[in-house]
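I opened my notebook for a quick look through this chain. Here is what I looked up, in the order I went.

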Amino acid sequence: MSFFSIFYPRTGARRGAPLAAALALRALAPSPRRPPPRWRLSLLGAAAVLAGCASVSPDGLRSDVAALTAGRTGGVDAALPGTDPAARAQAQQAIAGWLAQPLTQDAAVRIALLNNPGLQERLAALGVADAERVQALTLPNPHLTLGRFANGHEREIERSLSFGLLDLITLPWRSARQAERLHLATLQAAQDVVTLAADTRRAWLRAVAAEQVAATHERMVEAAEAGAELAQRMVRAGNWSRLQQAREQAVLHQARAQLARARLAAATEREQLHHRLGVWGESAQYPLAQQLPPLPTSAWSADDLEATALRERLDVQAARRQLDTLAQRQGWSRAGAVWGNVGVAYSRNTATERASGHRDVQRGWELELPLPLFDWGGAARSRAQAEVEQASAQLQDTAVRARSEVRAAWHTYRTALDLARQQQTEVLPLHQFITEETTLRYNGMLASVWELLAQARASTQAVADAINAQRDFWLADTDLQLALTGTSPGALQGLSPGATAPSTSQGH
């Protein structure tokens, strides 16, 4: 007996073929009187073509992520890490060159996108998802089963070639579904890229500002030390009391404590920058830029902020794509649940008698259909509807959050810019004027040295406050750019309290 059947599952069994429509082929023992129909050959050819089109992206979809993040990384044309050893070696050489010079903000973003281990893990996971997509779209190999059975009267030979036709029939739908899933994963990876770029910018801004503030506190300590030394000499000369000296010593101790906190903040912020850059050891001994970027001459306009966010943000695009995908799947969810277990099989059995050599050939087909007595697909339809409603609510929530975040980010940005300009154009010139007038009065014997030292400490603190205000503005600018074109910035980073509090000065 010999037979040939194509059905699902790929076990060679003639019965119990779930989730498939089957096609009979007579390739092993074709009949010259009944050639295979053309539509069968065309179907197999189309399957081979569709299955052959699926291939793994050579760069792990990094080019797709780079296309999505173009213009969303703060104006930096940053590259992503490559997959081949030559590209990685070239990237490490470029990183070494950037770290050898005072690190700028743009260079920090480039290094982070090339060297951050967390981002590399996320991009590798995207490559895994691409490989899983190709595996899901690749037609399984056919199964060949051979059997020989004999008794005293006849000999039976079984030859079967089984092939899962369900994978062929559903290939267009599975291809579209896998493409949607991969596109959503690519959008998520792009959000990780722009988030890392924004986090690196924030870390660089905080690190540079912290080192500048620490330098100002060093000058404050120098002024306090001069006052304490002069107070000690005045006590020795008998011109001052111990109470007045104690006040100056208290000012010195307070200045030293603020310096210690400022140095700790600088070291901590630098470590945060190391984490974003993915550097350690000797590579972490790079020099930082000396100053923050200057304030811009013009500000972002508030026009069309919400429309830009809804059009450009990656998380809004991902939520919209998810809703479209579920809406397309909703139509055939019930049919797939009810009529998924359909099986068709064709058999050709041959039995040969040993004595006479007579061969008996038996052909036939069988159809297996599910009887929807208990499951009419209502649960599947309800689930599909609930998933669509869930995705719709998620899209609405994402859109509302995007609108709110971009408005809040712009208000923070605008306020931070006004405060930073006030510090630079009004507060600092005012302290400079007071310092110059106090120096003139001291030279004319109209002001004491203690007033001069107190004003020096106040002016230095004003410089630290101006640096913090400038830092807060650029943090707010980073949040606004991320909220406009990238993804959710989370808690707004601008207008955060300074690392140190203003020092109190005492005049005499």
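I started with contacts, which I take as heavy atoms within 4.5 Å. Among contacts in the chain between residues at least 6 apart in sequence, I found that 79% join residues at least 24 apart.

A note on the source: I am working with a predicted model, where local features need pLDDT of at least 70, side-chain atom pairs count only at pLDDT 80 or more, and totals for chains, interfaces and linings use all residues. Residues are numbered from 1 along each chain as its sequence is written, and side-chain values use heavy atoms, with hydrogens and water left out.

Next I looked up the secondary structure, using DSSP runs numbered from the N terminus (helices are H or I, at least four residues; strands are E, at least two). The chain has 13 helices and four strands.

Then I checked burial (buried is under 20% relative accessible area, with a 1.4 Å probe and protein chains only). Of the chain's 508 residues, 41% count as buried.

My last stop was L168, in helix α6 (residues 165-169). Is L168 buried or exposed? I noted L168 as buried because its relative accessible area is 6%.

Key: Buried < 20%, exposed > 50% of the residue type's maximum accessible area, 1.4 Å probe, protein only.
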